[in-house]
Amino acid sequence: MFQKFKKHHLALFLSLFVGLIYACHHFIIPNFLDAKTAVYYPITTQSYPDEALLYAPRAHAAMQGRWFGGDIALAEYQGGPSVLPMLNPLLLGGLGRLSGSMKAGIIASDFIFPMLIFLAVYFLAYELSGRKKWSLVFATIFLFVPKFGIAIPPVTFLNLKEFGKLFFPFLNMQEPFYFSQFEEPKLTFLFFAMALFFFVRAMKRNSAGTILLAGVSLGALFYTYLYDWVTLISAMGLFSFWSLYKKDFTAAKQTAAIAAVGVLCSVGYWYNFWHLLEYPDVLARAGGEFSHALRFASVWKSYLRVFVFVFVLIAFWHNHDKRHLRIIGALLFAYFAVVNVQIITGFNPQPDHWYRVQFLPLALAAWLIFLRLYDLFAVPATEKIRMRGNTIAAFFLLYFLAGTFYAGAMYSVTHSGDYAVLRRDDAVFAWLREHTEKGSVVGTLSGSRNNEILLHTENKIFLPFGFATQASDREIWERTMTLARLYGFTPEEFSAYIQGSVYYLFAEKYGDHSFDANFKHYERKLPDDILREKVKEYSAYVEKPAMRYRLDYLHIDEKELGLGKDPALVTPSLEKVFDKEGIRIYSVLK
């Protein structure tokens, strides 16, 4: 075992550097914040909107012991099925619990997961090629420029910009590193890369142990990311048919065995999904595309890229490992299947997301083509030229890592304000943690403040994000009307609030579900007839809201005062329990 680690000691060493570069912003940003007015937190609405809205609160709930997801927002719902994959919050929440806080867990994850992803990508590349040096180069580049494969050919400005990051990494300072984002890809990609690695390894070694590991790795994808397991299963199906055509019956049998183990491991996923079918409103809020049409106009460039890559691979690698060629080819062709799954099912969940799963197959294909070109032109050359190539590769790695570190540091400096939590807000969260009962319910009309309460305290909220709750649409309307009444909204103010909060309240339900809408101008808009109906319904009970749900505290700040009135003016029986720097909290007397 020690000899195996020693054989790959450079990969272990480089993985530490990768982890440090990914985590460096956590130690740079606090130095550029005004300590008198703000504190640093790694996840904010400004820095990572999706994470702050949904994923970080899920992880925080897991850290508090709500291991199996479900509805983490409302006091009335305990347990129940999870709308999103169940493993991701367990991983990050577990890190938070081990490290003592959610903040420390997020910081640790930015070191640990990029490091592990680097090793998984490195070993996958090494399994395909048997070349340590070039596998190190590939893994290093991929960890910081994972989209370089889809940037080939660099004929558009966006592609040219992405491809240019390979040669000018120090210019990439306008966005955080790709694998800093969770749940996808920071938590999910490790399992995808591992599943590919074990699948390649099983095809190469044909042992019961490798087949079992490949099957378990496939099964784990069901609990991390929908797009990963659908893509890999589609690729495995294509690989099997291709193998049967080539009369490689052993490979087809091995793939079937791996799929059987994977499906067996996915039983928990299907059990959760079966129970989720009992919540039709929740499924409707997940969105998606409804059609049976063949997709072409919006993705023809992606089709062409796949055909060109596969053609060049076959031309260059036809005398090499045929199974490896079929695996990469099947992964590339899988895009045709998944982006057109609606032809068979009549439904495709956010089809613009499928391109993300193509990053690794396209990058691997580009890298394998590069290796073949290198063999054709460098290997026949003299030993002196080959040694010079090794030196150039080493210098490139140093240059690339140094440039990437510089870009990360500059991003930290120029975007430090995005990671600031105002001290007055931090004081609110501290007060809620110290002076309210765990699980007590705070009401606010601010979607961002609701998410912050779930992330920074142990309280529940009254008005949840529509995609993260098991509440029915009817219940969400009732909760919204109740709060609007307590804040003294007029029917006109209620209408304006609803129109500005369609996504928070109902997620993708009122988005455009027509064919190819996700590839065009996508809009979420409440239909006019429903808006008129709900404003009329709100007007009918504006005098006295129906308090059907638990509500312990009301939160009010300047933003909410701009929407309505101070709740104390509407309901004099409220007791003010917190008042500091424009933020007030009222206790709702029973």
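Which helix is the place of T231? T231 sits in helix 11, residues 226-245; helices are DSSP runs of H or I with at least four residues, numbered from the N terminus. The model is predicted, local features need pLDDT of at least 70, side-chain atom pairs count only at pLDDT 80 or more, and totals for chains, interfaces and linings use all residues. Residues are numbered from 1 along each chain as its sequence is written, and side-chain values use heavy atoms, with hydrogens and water left out.

View 1. T231 counts as buried because its relative accessibility is 2% (buried means under 20% relative accessible area, with a 1.4 Å probe and protein chains only). Its side chain reaches the backbone oxygen of Y227 at 2.7 Å. Leaving aside neighbours within four places in sequence, T231 is in contact (heavy atoms within 4.5 Å) with A334, V338, W354 and V357.

**View 2. Helix 20, residues 423-435.** Helix 20 has 13 residues and reaches 18 Å from its first C-alpha to its last, close to the 18 Å expected at 1.5 Å a residue (1.5 Å times one less than the number of residues). Its buried residues include R424, D425, F429 and W431.

**View 3. Lining of the second largest pocket.** A pocket is an open set of points on a 1 Å grid over the protein atoms alone, where a 1.4 Å probe fits, with protein on both sides within 12 Å along at least five of seven lines; lining residues have an atom within 4 Å of a point. The lining has 46 residues, and K147, F148, I150, A151 and I152 lie nearest the centre. Helix 15 gives the most, with nine residues.

How values were computed
Helix = DSSP H or I, 4+ residues; strand = E, 2+ residues; numbered from the N terminus. Buried < 20%, exposed > 50% of the residue type's maximum accessible area, 1.4 Å probe, protein only. Polar contact = N/O pair within 3.5 Å; in protein donor to acceptor, adjacent residues only side chain to side chain.
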